[in-house]
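The following note sets out comments on the model in numbered points. Please read each point beside the coordinates.

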Amino acid sequence: MKLALIEAKKAIPTLTAFCVGCVIVDPTTSSVVSTGYARELSGNTHAEANAIDKLKGSKPINLVGSDLYTTLEPCSIRTSGNIPCSRRIIENKFGRVFIGVEEPTDFVLCEGIKLLRDAG
């Protein structure tokens, strides 16, 4: 989680979004396989989406069972029309998700934790 906080500090602050960091870890080796932070890549991107996309962009990688650390609850809705991070985490079959804090209701009512729990 400390690495995710370091990633979050890289995000340029805005009035309409949070600064979030994400780290993906291979639990079999405890090694970091990807990192991401909010607005790192073009396209109104979230930290989790960036960490996943950076892996998918290089060569196909199996994320099944991987651990994901994020400083803020993964989104359940995207007003931009992008795929919500909670859905991307579920689709990639991450093993565990460690969340720093629940998302405040500043912008949307987030149900990311509920979606992740419901998906197992």
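Is N50 buried or exposed, judged by its relative accessibility?

1. N50 counts as buried, because its relative accessibility is 0%; here buried means under 20% relative accessible area, exposed means over 50%, and partly exposed lies in between (1.4 Å probe, protein chains only). The residue lies in helix α2. Not counting residues up to four places away in sequence, N50 touches G36, Y37, A38, R39, E40, L41 and T45, where contact means heavy atoms within 4.5 Å.

2. Basis of the model. This is a predicted model, in which local features need pLDDT of at least 70 and side-chain atom pairs count only at pLDDT 80 or more, while totals for chains, interfaces and linings use all residues. Residues are numbered from 1 along each chain as its sequence is written, and side-chain values use heavy atoms, with hydrogens and water left out.

3. Confidence. The chain has a mean pLDDT of 90, and 94% of its residues reach 70 or more; pLDDT is the predictor's confidence in each residue, from 0 to 100. Among the elements, the highest mean pLDDT, 98, belongs to helix α1 (residues 2-8), and the lowest, 87, to helix α2 (residues 47-58).

4. Fold outline. The chain has 4 helices and 4 strands, arranged from the N terminus as α-β-β-α-β-α-β-α. The radius of gyration of the chain is 13 Å, close to the 14 Å that the globule rule gives for 120 residues, so the chain is as compact as a globular protein of that length. That radius is taken over C-alpha atoms, and the globule rule is 2.2 Å times the number of residues to the power 0.38. Helices (H or I, at least four residues) and strands (E, at least two) are DSSP runs, numbered from the N terminus. Along the principal axes, the C-alpha atoms fill a box of roughly 40 × 30 × 25 Å.

5. Of the 120 residues in the chain, 38% are buried. Among contacts with a separation of 6 or more, 63% are between residues 24 or more positions apart. The accessible surface comes to about 6900 Å², and carbon and sulfur atoms account for 56% of that area. Accessible areas come from the Shrake-Rupley method with a 1.4 Å probe; for residues, only the protein chains shown count as cover.

6. Charges. The chain has 14 positive and 13 negative charges, and their mean positions are 5 Å apart. Lys and Arg count as positive and Asp and Glu as negative, with His and the chain ends not counted. Each charge is placed at NZ of Lys, CZ of Arg, CG of Asp or CD of Glu.

7. Backbone angles to inspect. Most residues other than glycine have a negative phi, and most peptide bonds are trans. S30 is not a glycine, yet has a positive phi of about 60 degrees. This serine lies in the loop between β1 (21-26) and β2 and counts as exposed at 62% relative accessibility. K93, also not a glycine, has a positive phi of about 55 degrees. K93 is found in the loop between α3 and β4 (96-101) and is exposed, with a relative accessible area of 54%.

8. Residues beside these positions. S31 belongs to strand β2 and is partly exposed, with a relative accessible area of 31%. Leaving aside its neighbours within four places in sequence, S31 is in contact with I24, V25 and D26. N92 lies in the loop between α3 and β4 and is buried, with a relative accessible area of 14%. Not counting residues up to four places away in sequence, N92 touches I52, K56, L63 and V64.

9. Strand β3 and distances across the chain. Y69 lies in strand β3. Beyond its neighbours within four places in sequence, Y69 is in contact with M1, A4, G21, C22, V23, V25 and F98. Y69 and A8 are 61 residues apart in sequence and 11 Å apart in space, C-alpha to C-alpha. S42 and Y69 are 27 residues apart in sequence and 22 Å apart in space, again C-alpha to C-alpha. S42 is in the loop between β2 (31-37) and α2 and is exposed, with a relative accessible area of 73%.

10. I77 lies in the loop between β3 (67-72) and α3 (85-91). This isoleucine is partly exposed, with a relative accessible area of 46%. I77 and C110 are 33 residues apart in sequence, and their C-alpha atoms are 7.0 Å apart in space.
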